[in-house]
Amino acid sequence: ALRYHMGWERAWASPEPKASYDAIIVGAGGHGLATAYYLGKNHGITNVAVIEKGWLGGGNTGRNTTIIRSNYLQDPSAAIYEKARSLYETLSQDLNYNVMFSPRGLLMLAQTHHEVRGYLRTVHANTLQGVQTEWISPQRVKEIVPIMNIDGPRYPVLGALYQARGGTARHDAVAWGYARACSAMGMDIIQNCEVKGVRSENGRVTGVDTTKGFIGTKKLGMVVAGHSGQLAEMAGFRLPIEAVALQALVSEPIKPCMDVVVMANTVHGYMSQSDKGEMVIGGGTDGFNNYTQRGSFHHIEETLRALVETFPMISRLKMLRQWGGIVDMTGDRSPLISKTPLGNCFINCGWGTGGFKAIPGSGWAMAELMAKGEPGPLAAEFNMWRFKEGQFIDESVAAGVAH
Ligand code: FAD
């Protein structure tokens, strides 16, 4: 059957770097590639290079559990995550590449009275923000997810925050779709090219030193997630960011048994079922900063304990794979889409455990910031100086433990 599957064109070109570009984006994860795409599509800037030290999508973009939702509490967060979610709805058509967006619905279980109050508050906030979420009873939860034990030995399910248009997408396809579209616009995606230094003169970046030599640029965008602190250090400034390992695992494939995403933040585990039938499982971050891309072993046990209690049938499943990524966490658990102390250098990071869902909205906002030199309404509140000024966008409930 594969006999005729030969001679396929490459989806994106692999050029050698030019001497200079109008804009360089460091990091070919989803956020970097989306930034490049919207620079071209929305602002007509196509003399762009995206520089990646490994392979594109090989960072957190290819390692996450693909949950998409926009049920955040604070107005700036709801605005950017809802923009991203709504762009996901038509992303396959936009890129002419099937990103397998599946708005199958998402439940965040409330298992303490404190959580009930918190999620009711979020539902009210979302109503005012134009984000469609609702509060549902334990009985309704059981109807939607028959395999769940709502009586829970430790924490019974008291209800859930339900976002019917939340869901998942295929993470690799999101990176590949954006990459192909960028390449088609004439942009250079340069893989296996690590940025080792940032050169500047008179407070402006002139270019980057890479493993393929010096590359000049008029504008620089740093979009490297867990390695943002290192890039910022090369450019001579510090970020309010910590790098922590977060891990996930998948089971052997089984017949369809759950057609929504469920997050149980009190016991601390979450799960969805992939199109292949594997149960996709995640838990919390390591309790200490590290760059291991692996994660501590005891987290697997804690996560599975939480999920076996919520879904007893999974106790008989075999786990196939486990992996980790390095997530970039700010103190208020909200991202940075910001100018920096260098005039033509911009940063996009701090998406922590939950930035896959934000990719289209983040790229849209970062492209506007890089093109105009000033943030638009989506990015305005996410500047890095909010930590100095105390203007936090506190999402520790929506994003501190969730994804
Ligand atoms: P990345 O995809 O990490 O891309 C950054 C790129 O920069 C990398 O490819 C890296 O190689 C490159 N780079 C770094 N340093 C250099 C350098 N010096 N030179 C050149 N290139 C460099 N989010 C959700 O919304 N839903 C989820 O369910 C979810 N689950 C997750 C589960 C896990 C286990 C993990 C690890 C993350 C999860 N996330 C989730 C978070 C999400 O994956 C990230 O927020 C998002 O993918 C970040 O994308 P990015 O493009 O910023 O970073």
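**A working chat on the predicted model**

Modeller: In this predicted model, 57% of the 403 residues of the protein count as buried.

Colleague: And what is its radius of gyration, against that of a compact globule?

Modeller: The protein has 21 Å, which agrees with the value near 22 Å that a compact globule of 403 residues would have. Along the principal axes, its C-alpha atoms fill a box of roughly 65 × 60 × 40 Å.

Colleague: How many helices and strands are there?

Modeller: The protein has 11 helices and 20 strands. Of the contacts with a separation of 6 or more, 76% are accounted for by residues 24 or more positions apart.

Colleague: What about the accessible surface?

Modeller: The accessible surface of the protein is about 17,200 Å², and 52% of that belongs to carbon and sulfur atoms.

Colleague: Let us turn to the rings. How many aromatic pairs do you count?

Modeller: The count comes to 9 aromatic pairs. Among them, tyrosine 81 and tryptophan 351 form an edge-to-face pair, with 5.9 Å centre to centre and 90° between the planes.

Colleague: Where do those two residues sit in the chain?

Modeller: Tyrosine 81 is in helix H2 (residues 75-89), and tryptophan 351 is in the loop between strand S20 (345-349) and helix H9 (359-372). They are 270 residues apart, and the pair thus links distant parts of the chain.

Colleague: Buried or exposed?

Modeller: Both tyrosine 81 and tryptophan 351 are buried.

Colleague: And what is the geometry of the pair of tyrosine 88 and phenylalanine 356?

Modeller: That pair is tilted, at 5.8 Å centre to centre with 40° between the planes. Tyrosine 88 belongs to helix H2, whereas phenylalanine 356 lies in the loop between S20 and H9, 268 residues apart.

Colleague: Why does tyrosine 88 count as buried, and why phenylalanine 356?

Modeller: Tyrosine 88 counts as buried because its relative accessibility is 0%. Phenylalanine 356 also counts as buried, because its relative accessibility is 6%, with the cut-off set at under 20%.

Colleague: Which residues form an aromatic cluster?

Modeller: Tyr37, Tyr38, Tyr178 and Trp364 form one aromatic cluster. Over the face of tryptophan 364 lies lysine 83, at 3.8 Å from the ring centre.

Colleague: Changing topic: what is the phi of asparagine 96?

Modeller: Asparagine 96 has a positive phi of about 50°, although it is not a glycine. Its place is in the loop between helix H3 (91-95) and strand S5 (106-110). Asparagine 96 counts as exposed because its relative accessibility is 62%, and the threshold for that class is over 50%.

Colleague: And what is the phi of glutamine 293?

Modeller: Glutamine 293, a residue other than glycine, has a positive phi near 55°. Glutamine 293 sits in the loop between strand S17 (278-289) and helix H8 (297-310). With a relative accessible area of 34%, glutamine 293 is partly exposed.

Colleague: How far does H8 reach from its first C-alpha to its last?

Modeller: H8 has 14 residues and reaches 21 Å, close to the 20 Å expected at 1.5 Å a residue.

Colleague: Which residues of H8 are buried, and what do they pack against?

Modeller: The buried residues are His299, Ile300, Thr303, Ala306, Leu307, Glu309 and Thr310. They pack against S5, strand S14 (242-253), strand S15 (261-264), strand S16 (269-273), S17 and strand S18 (319-329).

Technical notes: Residues are numbered from 1 along each chain as its sequence is written. This is a predicted model: local features need pLDDT of at least 70, side-chain atom pairs count only at pLDDT 80 or more; totals for chains, interfaces and linings use all residues. Side-chain values use heavy atoms; hydrogens and water are left out. Helices (H or I, at least four residues) and strands (E, at least two) are DSSP runs, numbered from the N terminus. Buried means under 20% relative accessible area, exposed over 50%, partly exposed in between (1.4 Å probe, protein chains only). Rings of Phe, Tyr and Trp (its six-membered ring) pair if their centres lie within 6.5 Å; planes under 30 degrees apart count as stacked, over 60 as edge-to-face and the rest as tilted. A charge sits over a ring if NZ of Lys or CZ of Arg is within 6 Å of the ring centre and within 35 degrees of the ring normal. The radius of gyration is taken over C-alpha atoms; the globule rule is 2.2 Å times the number of residues to the power 0.38. Contact means heavy atoms within 4.5 Å. Accessible areas come from the Shrake-Rupley method with a 1.4 Å probe; for residues, only the protein chains shown count as cover. The expected span of a helix is 1.5 Å times one less than its number of residues.
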